[in-house]
Amino acid sequence: MKLFLDTASVTEIRTMWETGILDGVTTNPTLVAKEGRKFEDVLREVCALGVPSVSAEVVGTTTDLMLTEGRHLREIHPSIYVKVPMTAAGLKATKILASEGTRVNMTLVFSANQALLAAKVGAAYVSPFIGRLDDQGQDGMELIDDIVTIYENYDYATEVLVASVRHPVHVLEAAKIGADIATMPYAVMEKLVQHPLTDLGLARFLKDWEKVPKG
Ligand code: E4P
């Protein structure tokens with residue numbers, strides 16, 4: 001399973017990249033706005049680290065604007081995936097961008113039928129937002145299960161990118177279902193590393209080691 005960071009913070013990305021567990025990065029306009037930096041500068045820095053998959057979102061709402069922005073974004077670096085929203089205009093743009101060889105991440109997906117359409121137009125990734133569904137009282141993980149089943153039924157190559165992840169249990173459940181990717185905030189990825197028994201165990205080992213005769 002691939003693990004992505006959902007952030008536009010180059011510091012966070014660099015730190016996680018150095019651990020060796022990071023496979024990619026997703027951004028969105030809200031995350032970019034938080035950083036207060038030029039989007040292209042951020043994208044170039046992240047790609048220069050060697051991160052192989054960096055999702056950058058278009059903000060145009062017509063097919064023409066999405067195509068112009070998408071073509072510009074993909075020229076920035078070969079690791080860029082163009083993020084396009086799940087709308088009728090977005091489906092049309094995705095079909096064209098995909099036919100040109102651009103890898104598209106279809107975002108703001110909230111139903112299995114939307115995910116089916118994303119696969120039909122050739123999206124490389126589909127991004128169902130499970131946390132936002134949970135917030136509404138709907139089980140986001142059920143959606144992941146449905147999408148994985150549908151893609152397996154028809155052998156679609158589109159990868160399921162579990163988005164809007166809020167905590168480690170989301171990652172665990174997504175992995176058990178067999179989702180391809182989970183993207184998460186830095187704090188959630190940090191929690192995947194940690195366990196209190198690891199810390200306690202290490203402290204005890206180090207304490208006991210002091211009793212071992214040296215020299
Ligand atoms: C993914 O691509 C989105 O940027 C993200 O996961 C949205 O998460 P949120 O619901 O926490 O804003």
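**Surface patch.** I started with the nonpolar patch on the surface that I21, L192 and V193 form, with about 230 Å² of accessible area together. For patches I took residues with over 30% relative accessible area and no salt bridge, joining nonpolar side chains (Val, Leu, Ile, Met, Phe, Trp, Tyr) within 5 Å and like charges within 9 Å. A salt bridge here is a side-chain nitrogen of Lys or Arg within 4 Å of a carboxyl oxygen of Asp or Glu. Areas come from the Shrake-Rupley method with a 1.4 Å probe, and for residues only the protein chains shown count as cover.

**Ground rules.** I am working on a predicted model, where local features need pLDDT of at least 70 and side-chain atom pairs count only at pLDDT 80 or more, while totals for chains, interfaces and linings use all residues. Residues are numbered from 1 along each chain as its sequence is written, and side-chain values use heavy atoms, with hydrogens and water left out.

**I21.** I found I21 in the loop between α1 (10–19) and β2 (24–26); helices (H or I, at least four residues) and strands (E, at least two) are DSSP runs, numbered from the N terminus. With a relative accessible area of 32%, I21 is partly exposed, on a scale where buried is under 20%, exposed is over 50% and partly exposed lies in between (1.4 Å probe, protein chains only).

**Aromatic pairs.** My search of the whole structure gave 5 aromatic pairs. Rings of Phe, Tyr and Trp (its six-membered ring) pair if their centres lie within 6.5 Å; planes under 30 degrees apart are stacked, over 60 edge-to-face, and the rest tilted. Y81 and Y125 are stacked because their ring centres are 4.5 Å apart and their planes are at 5°. This pair links distant parts of the chain, with Y81 in strand β4 (residues 80–85) and Y125 in strand β6 (residues 125–128), 44 residues apart. Both Y81 and Y125 are buried. Next I noted Y151 and Y156, an edge-to-face pair at 5.8 Å centre to centre and 75° between the planes. Y151 is buried at 4% relative accessibility, whereas Y156 is partly exposed at 25%.

**Ligand.** I listed the residues around the ligand (a heavy atom within 4 Å), among them D6, F129 and R166. For polar contacts I used pairs of N or O atoms within 3.5 Å. A polar side-chain atom of K83 is 2.6 Å from a ligand oxygen, and one of S164 is 2.7 Å from a ligand oxygen. The protein covers 85% of the 350 Å² of accessible area that the ligand has on its own.

Key
A polar contact is a pair of N or O atoms within 3.5 Å; within protein, one must be able to donate a hydrogen and the other to accept it, and residues adjacent in sequence count only if both atoms are side-chain atoms.
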